[in-house]
Amino acid sequence: MLGAEDFIDDAMAAAREKIPGKAVIACSGGVDSMVAAVLVSKAIGDRLLAVYVDNGLMRKGETDEVRGMLSDMGINYRIVDAGDEFFKALKGVTDPEEKRKVIGEKFIRVFEREAKDFGADVLVQGTIAPDWIESGDGVRDTIKSHHNVGGLPKDMGMELFEPLRDLYKDEVRDLARMLGVKASERQPFPGPALAVRCLGEVTPENIAIVREACFIVEDEIMTASVAGRMEMPWQYFAVLLPSRSVGVQGDRRAYGRTIAIRAVSSVDGMTATYSKIPLEVLDSISTRITNTMKDSVNRVVFDITNKPPATIEWE
Amino acid sequence: MKIYVVDNGGQWTHREWRVLRYLKVDTRIVPNTTPFEDISDADGLVLSGGAPSVASDTGRMGNNGEYLDRADFPVLGICAGMQFMCGHFGGTLGPGSTPEFGGVEIEVRSHDDLFKGLPDAFKVWASHNDEVKTIPDGFEVTASSAGCPHEAVACPDRMMYGVQFHPEVEDSEHGVDLFKNFLGIVDSARKR
C-alpha cells in the first residue's frame, strides 16, 4: 500500500484527537474491523472496547476464533450473545435489502447498549470504500446496504470514527500484515453474515444448513489450494437457494434444497471473476455436501457469473 | 500535477481517485455541482461514470457541461462521462444494442493518445446500458468492440478524450497504462 507507515501514524493521531473519552468498536473479527481495532487500541489503549456480536449467523467455529484473535492482540473486548434477538427480528423477512436493514438496526441497538454500559460516546467502525460506495448516497445508486453505513439510524447517540474509509481490502491487508494482525489473510465475510447466503427466510434451521455447506466449501477449497491444485480464490462460500428439486437417494425419492457454490477472484471486491475451480475439486465438494447433508440438500450448482453483472454475494 | 475527479455517482469514481493517487497525482473527488471556479486550478479533469442513464438526464450531470465548455486543460470522460461529453458536443446517445457488463475485448483504432504503446486488442471491463450512437464533429473513434462501436473517442484539438469502458478497475488490462497516457497528455498540455 502507498504510504502505509504514514497512514498508520495519521490514523492513530486522528483517533487520539477524535476520541477524548471512551469508544466502542464493532468488531466482527474480519480484517477491516480487526485492523481498525488494533489501530485505535494502540492509540487509546483500554479506553477502547471491542464488541463482537454473536448474532447466530456466524460461520462454524467463528466466535471462538475471533475470541482467540482479540485476546492475542491484547485488545479489550466483550462478546455479546444475541442470536435469539436477531432471529426474532428476521422472522418472516425475505427481501434482501430489508434483511440488511433489519440486521443493521439490530447491530446498532446492541452497540448502543454496550456503549452506554461502557460509557463510550464514539463508535469506531472498520468501514472501507466499497461499503459506502455500494450503500449509495445522494448521487449513487444503492447496490446493497452495508449495515455499517446503510443501516445506521439517524438518532444514533454516538459520534462515528471510520479510519479506513478511503481504503480497499488489498490496502487493509497490507496494513494488517504490518501490524501483525492474524486476520490479514481471512477471506471477506459480509456484515449481515450467513443471512445473505440464505435466500428467502432466515431461520435457525436454514442457517444451520448454509453454515455446514459453507464449512465444506471452505475446507475443500482451502485443502485444494494448499495442495497446489488450484489458485486460492478471493472469496469462496456456499449459498442456500430457496427452491426445492427432485432427486433420488438410495432408490428413494428425495425432494430437497439446492446449494450454490460461489468462488471469485478479485483484488478489491469492486470487480470480480468467477474462479476456475478444477472439476475434481467441484466434484469432491458436491459429493461431500450431498452425502453428509443428505437430509437437507440433494443438488449442488456452481455460479459462473462475474461482477458485474452479478455481485459477489447473492444478496 | 493536479487532477480532479468529478463524481457523477459511479460505482468506481473512488477507484479513479485511487489509480491517480497511486500514480502520485495530486487528486481529489469533487461533486459535479462544484462551481468551475473552484476547480479551475486543475491541470486535468476526469469525469466519472454515473448512476443508470445519468448522461442523458441532464439534471443529474450538474456542472459537467460548464466544465467541458470552460476547460483549458485535458478532460477524460469515463462511461457516463464520455457519453455526456459526446452528447454535449453534438453527438447522440441511446440504449446500447448489446449492453456490456463485465469483460469486453476492444480493438484499438488509434494509438495516438490514450492507447499509445498499448496492444491492438485487449480485454477491458465495462458496465453500461447506454452508449454513444453518433460521435460529435471533430471527434474520432479510437477503440471499438463487437457490441459497441464507440468504446473510446478523442478530440485532440479540444483536448477531450473519452472511454466507454472502465480503465480504473483491476480487471481491465492496461488500465493504469491508459491513465499514464492521459497524464502524459496532461503534462504536455501544461508545458504548452
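# Reading a predicted model

Biologist: How many bridges join strand 5 (residues 92-108) of chain B to strand 6 (residues 121-134) of chain B, and do these strands run parallel or antiparallel?

Modeller: Strands of a sheet pair through backbone hydrogen bonds, and the pairing is either parallel or antiparallel. In this case 12 bridges join strand 5 of chain B to strand 6 of chain B, and the two run antiparallel, with B:Gly102 having B:Ala126 in strand 6 as its bridge partner. Helices (H or I, at least four residues) and strands (E, at least two) are DSSP runs, numbered from the N terminus, and two strands pair if DSSP finds at least two bridges between them. Please keep in mind that this is a predicted model, in which local features need pLDDT of at least 70 and side-chain atom pairs count only at pLDDT 80 or more, while totals for chains, interfaces and linings use all residues. Residues are numbered from 1 along each chain as its sequence is written, and chains are lettered from A, with ligands numbered from 1, in the order in which they are written.

Biologist: With which residues of strand 7 do B:Val108 and B:Ile106 pair?

Modeller: The bridge partner of B:Val108 is B:Ala143, and B:Ile106 stands opposite B:Ser145. Both pairs belong to the antiparallel pairing of strand 5 with strand 7 (residues 140-145) of chain B, which extends over 3 bridges. Strand 7 is also joined to strand 8 of chain B by 3 bridges, again in the antiparallel sense, and here B:Ala143 stands opposite B:Ala152. A hairpin of 6 residues leads from strand 7 to strand 8 of chain B.

Biologist: In what order do the strands of the open sheet in chain B lie, and which are its edge strands?

Modeller: The open sheet has 9 strands in the order 2-1-3-4-9-8-7-5-6, and the pairing is mixed. Its edge strands, each pairing on one side only, are strand 2 (26-31) and strand 6 of chain B. From one strand to the next the twist averages 20 degrees; for such angles, which run from 0 to 180 degrees between N-to-C directions, axes are lines fitted to C-alpha atoms, for helices over the stretch in contact. As a general idea, the side chains of a regular strand alternate between the two faces of the sheet.

Biologist: Across which strands does helix 4 of chain B lie?

Modeller: Helix 4 lies across strands 1, 3 (44-50), 4, 5, 6, 8 and 9 of chain B, and runs at about 105 degrees to strand 3. Two residues are in contact if their C-beta atoms, placed from the backbone, lie within 7 Å.

Biologist: Is B:Cys79 buried or exposed?

Modeller: A residue is buried if 20 or more other C-beta atoms lie within 10 Å of its own, exposed if 12 or fewer, and partly exposed in between, with C-beta atoms placed from the backbone. B:Cys79 counts as buried because it has 28 C-beta neighbours inside 10 Å. B:Cys79 sits in the loop between strand 4 (75-78) and helix 4 (80-88) of chain B, and its phi is near 55 degrees, a positive value in a residue other than glycine. Phi is positive at B:Met159 as well, near 60 degrees, and B:Met159, in the loop between strand 8 (152-155) and strand 9 (160-163) of chain B, counts as buried with 21 such neighbours inside 10 Å.

Biologist: At what angle do helix 2 and helix 7 of chain A pack?

Modeller: Helix 2 (residues 31-44) and helix 7 (residues 169-179) of chain A pack at an angle of about 50 degrees, with their axes 10 Å apart. They are therefore oblique to each other, since angles under 35 degrees count as roughly parallel, over 145 as roughly antiparallel, 65 to 115 as roughly perpendicular and the rest as oblique. Residues of helix 2, including A:Val31 and A:Val35, meet residues of helix 7, among them A:Val172 and A:Leu179.

Biologist: How many residues does each chain give to the contact between chain A and chain B?

Modeller: Chain B gives 20 residues and chain A gives 16. On the side of chain B that touches chain A, the largest share, 5 residues, comes from helix 1 of chain B.
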